Amino acid sequence: MVGSVPLADFGEEPLRAHLEDLPWLERAARAHHRVIGRAAGYGQVIPLRFATIYHDDGRVRTMLQERRDDLTATLARVAGRTEWGVKAYVDPRAFLPDPGEEGPSGGDTPGTAYLLRRRAQRDDKETAHLRATERAEEIHTALTALAAATAAHPPQDARLAAYEGWMVLNNSYLVPDDRTEEFTASVTGLGERYPDVDLELSGPWPPYSFTAPPEREEAP
Amino acid sequence: MTHAIERREVALVDLLDRVLAGGVVIAGEITLSIADIDLVRISLRALIASVRTEDMEDADEHRAPPGPPPS
């Protein structure tokens, strides 16, 4: 599926400027998403990355021919499967060591006591990181068992995504359609099992995270 | 706890994670393939700046440790 766009908006320079304009980016990304969603109503789609622009139809045909094998394999991989997103948030305080596990105390002078306290706080934070990450890995492992493939996204910017605490999981799971219920029930179950973790499910998504072309740095 | 299955409108950040395939990372630069001719590197710093509130908190406070790797 192709659409023509004005070079005045999608040429390299204007696009660069637009991509840093959040309202523009939001409108364009949602339009992209809408078109893919509609297309998905007619059959299996392989979404291309947002703002994939070819200068004319001939180049689109060339791309389709060149990527024929890759696209065919991708279609086979995503057919009958759906992408779901799972994010996990934690409040770092819930993962701090208990006060009972108190580390070093004292110190001969107020100065060293202060330094020891600072150090203990830093160690506590690292411990909390570690514990929260381990918890996220447990959740990831349980969900992976139900998925045909997984993809990791970086933790989202806290201001952009408007959350507090730590995002310890931001993954996509490609789930066979006959396991959809099992997968969503598993997310719910994990959320109940780990009350110190906030799990958020999103989807169904078109298979955005599982259709990227193979990395080929130097295209011919 | 679990919440929010299938919002009516998808969250923009979740969408950008997927359609920009590089995600919106605070430090980030992403590379978009534009045409078959060149790559455009854009910086999302300005984008992030446009939604950042004036309080300049330590970014570390909000950065999670890296999640588990994809398998």
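A residue is called buried when its relative accessible area is under 20%, exposed when that area is over 50%, and partly exposed in between, with a 1.4 Å probe and protein chains only. By this criterion, buried residues make up 41% of the 71 residues in chain B. The structure is a predicted model, in which local features need pLDDT of at least 70 and side-chain atom pairs count only at pLDDT 80 or more, while totals for chains, interfaces and linings use all residues. Residues are numbered from 1 along each chain as its sequence is written, chains are lettered from A and ligands numbered from 1 in the order in which they are written, and side-chain values use heavy atoms, with hydrogens and water left out.

The secondary structure of chain B comprises two helices and three strands, where helices (H or I, at least four residues) and strands (E, at least two) are DSSP runs numbered from the N terminus. Along the sequence of chain B, these elements follow the pattern β-α-β-β-α. Of the contacts in chain B with a separation of 6 or more, 11% are accounted for by residues 24 or more positions apart, a contact meaning heavy atoms within 4.5 Å.

Helix 1 of chain B also takes part in packing between the chains. The axes of helix 3 (residues 22-40) of chain A and helix 1 of chain B come within 10 Å and cross at roughly 70 degrees; such axes are lines fitted to C-alpha atoms, for helices over the stretch in contact, and the angles run from 0 to 180 degrees between N-to-C directions. Helix 3 of chain A and helix 1 of chain B are therefore roughly perpendicular to each other, given that angles under 35 degrees count as roughly parallel, over 145 as roughly antiparallel, 65 to 115 as roughly perpendicular and the rest as oblique. Their crossing is left-handed, a term used if the near helix is turned anticlockwise from the far one by less than a right angle, with right-handed used if clockwise. On the side of helix 3 of chain A, the contact is made by Leu22(A), Leu25(A), Glu26(A), Ala29(A), Arg30(A), His32(A) and His33(A), which meet Leu12(B), Leu15(B), Leu16(B) and Val19(B) in helix 1 of chain B. The residues of this contact divide into seven nonpolar, two polar and two charged, where Ala, Val, Leu, Ile, Met, Phe, Trp, Tyr, Cys and Pro count as nonpolar, Asp, Glu, Lys and Arg as charged, and the others, Gly among them, as polar.

Over all chains, the structure holds nine salt bridges, each defined as a side-chain nitrogen of Lys or Arg within 4 Å of a carboxyl oxygen of Asp or Glu. In one of them, the side chains of Arg18(B) and Glu83(A) meet with an N to O distance of 2.7 Å. Arg18(B) lies in helix 1 (residues 12-19) of chain B and Glu83(A) in strand 1 (residues 81-90) of chain A, so this pair joins two chains, and both Arg18(B) and Glu83(A) are buried. Asp14(B) forms a salt bridge with Lys87(A), with the closest N and O atoms 2.8 Å apart. Because Asp14(B) lies in helix 1 of chain B and Lys87(A) in strand 1 of chain A, this pair likewise joins two chains. Asp14(B) is buried at a relative accessible area of 1%, and Lys87(A) is buried at 6%. A further salt bridge, at 2.9 Å from N to O, connects Asp91(A) and Arg93(A); here Asp91(A) is partly exposed at 34% relative accessibility, whereas Arg93(A) is exposed with a relative accessible area of 64%.

Within chain A, helix 6 (residues 110-144) and helix 8 (residues 180-193) pack at an angle of about 160 degrees, their axes lying 10 Å apart. Helix 6 of chain A and helix 8 of chain A are therefore roughly antiparallel to each other, and helix 6 passes helix 8 in a right-handed crossing. Ile139(A), Ala142(A) and Leu143(A) in helix 6 meet Phe183(A), Ser186(A), Val187(A) and Leu190(A) in helix 8, and the residues of this contact divide into six nonpolar, one polar and no charged.

Thr184(A) is also placed in helix 8 of chain A and is buried, with a relative accessible area of 18%. Apart from its neighbours within four places in sequence, Thr184(A) is in contact with Trp84(A) and Leu201(A). Glu200(A), located in strand 4 (residues 197-205) of chain A, counts as buried at 8% relative accessibility.
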